[in-house]
Amino acid sequence: MIRIFIYLVGFGVSVIGGVTVIAYLNIMTPERGWSEYFSYICTRVECYLLPIGLLLMWGSLYFPYREE
C-alpha cells in the first residue's frame with residue numbers, strides 16, 4: 001500500500017514539474033537558444049520536481065519488496 005502511495009505522489013509531483021517545464025517554453029524566442037532555456041530552468045526550483053517525481057516513481061516500482 002505504501003508503494004502505491006509513493007508511486008501516486010511521484011506521479012503528481014512529476015506532472016507538476018513537467019507542466020512547469022513546458023510552461024517555461026513560452027519564454028523562448030528566436031534570439032534565445034536552447035542553452036539559455038536550460039540554464040534558466042536549472043535556476044527554477046519548481047523545475048526540479050520533474051526528476052524528483054520520476055525518481056519516486058522509479059523507486060516505488062523497482063525497490064525490492066520486503067515481506068514481513
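Biologist: In which helix is Ile2 found?

Modeller: Helices (H or I, at least four residues) and strands (E, at least two) are DSSP runs, numbered from the N terminus. Ile2 is found in helix H1. This is a predicted model, in which local features need pLDDT of at least 70 and side-chain atom pairs count only at pLDDT 80 or more, while totals for chains, interfaces and linings use all residues. Residues are numbered from 1 along each chain as its sequence is written, and side-chain values use heavy atoms, with hydrogens and water left out.

Biologist: Is Ile2 buried or exposed?

Modeller: Buried means under 20% relative accessible area, exposed over 50%, and partly exposed in between (1.4 Å probe, protein chains only). Ile2 has 61% relative accessibility and therefore counts as exposed.

Biologist: What pattern does the protein chain follow along the sequence, and what is its radius of gyration?

Modeller: The pattern is α-α-α, from 3 helices and 0 strands. The radius of gyration is taken over C-alpha atoms, and the globule rule is 2.2 Å times the number of residues to the power 0.38. A compact globule of 68 residues would have a value near 11 Å, whereas the protein chain has 16 Å. The C-alpha trace spans about 60 × 15 × 15 Å along its principal axes. Ile2 and Ala23, 21 residues apart in sequence, are 32 Å apart in space, C-alpha to C-alpha.

Biologist: Which residues make the nonpolar surface patch?

Modeller: Like charges are joined within 9 Å, and nonpolar side chains (Val, Leu, Ile, Met, Phe, Trp, Tyr) within 5 Å. Accessible areas come from the Shrake-Rupley method with a 1.4 Å probe, and for residues only the protein chains shown count as cover. Here Met1, Ile4, Tyr7, Leu8, Phe11, Val15, Val19, Leu55, Trp58, Leu61 and Tyr62 make a nonpolar patch of about 1,300 Å². Helix H1 (2-23) and helix H3 (49-62) each supply at least two residues, and H1 gives the most, with 6. Trp58 lies in helix H3 and counts as exposed at 53% relative accessibility.

Biologist: How many aromatic pairs does the structure hold?

Modeller: Rings of Phe, Tyr and Trp (its six-membered ring) pair if their centres lie within 6.5 Å; planes under 30 degrees apart count as stacked, over 60 as edge-to-face and the rest as tilted. The structure holds 5 such pairs. One of them, Tyr24 with Tyr40, is edge-to-face, at 5.4 Å centre to centre and 85° between the planes. Tyr24 lies in the loop between H1 and helix H2 (34-41) and Tyr40 in helix H2, so this pair ties together parts that are 16 residues apart in sequence. Trp34 and Tyr37 also form an edge-to-face pair, at 5.9 Å and 85°. They are separated by about one helical turn because they are 3 residues apart in helix H2. Trp34 is exposed at 53%, whereas Tyr37 is buried at 5%. Trp34, Tyr37 and Phe38 form one aromatic cluster.

Notes: Patch = residues over 30% accessible without salt bridge, like charges linked within 9 Å, V, L, I, M, F, W, Y side chains within 5 Å. Salt bridge = Lys/Arg side-chain N within 4 Å of Asp/Glu carboxyl O.
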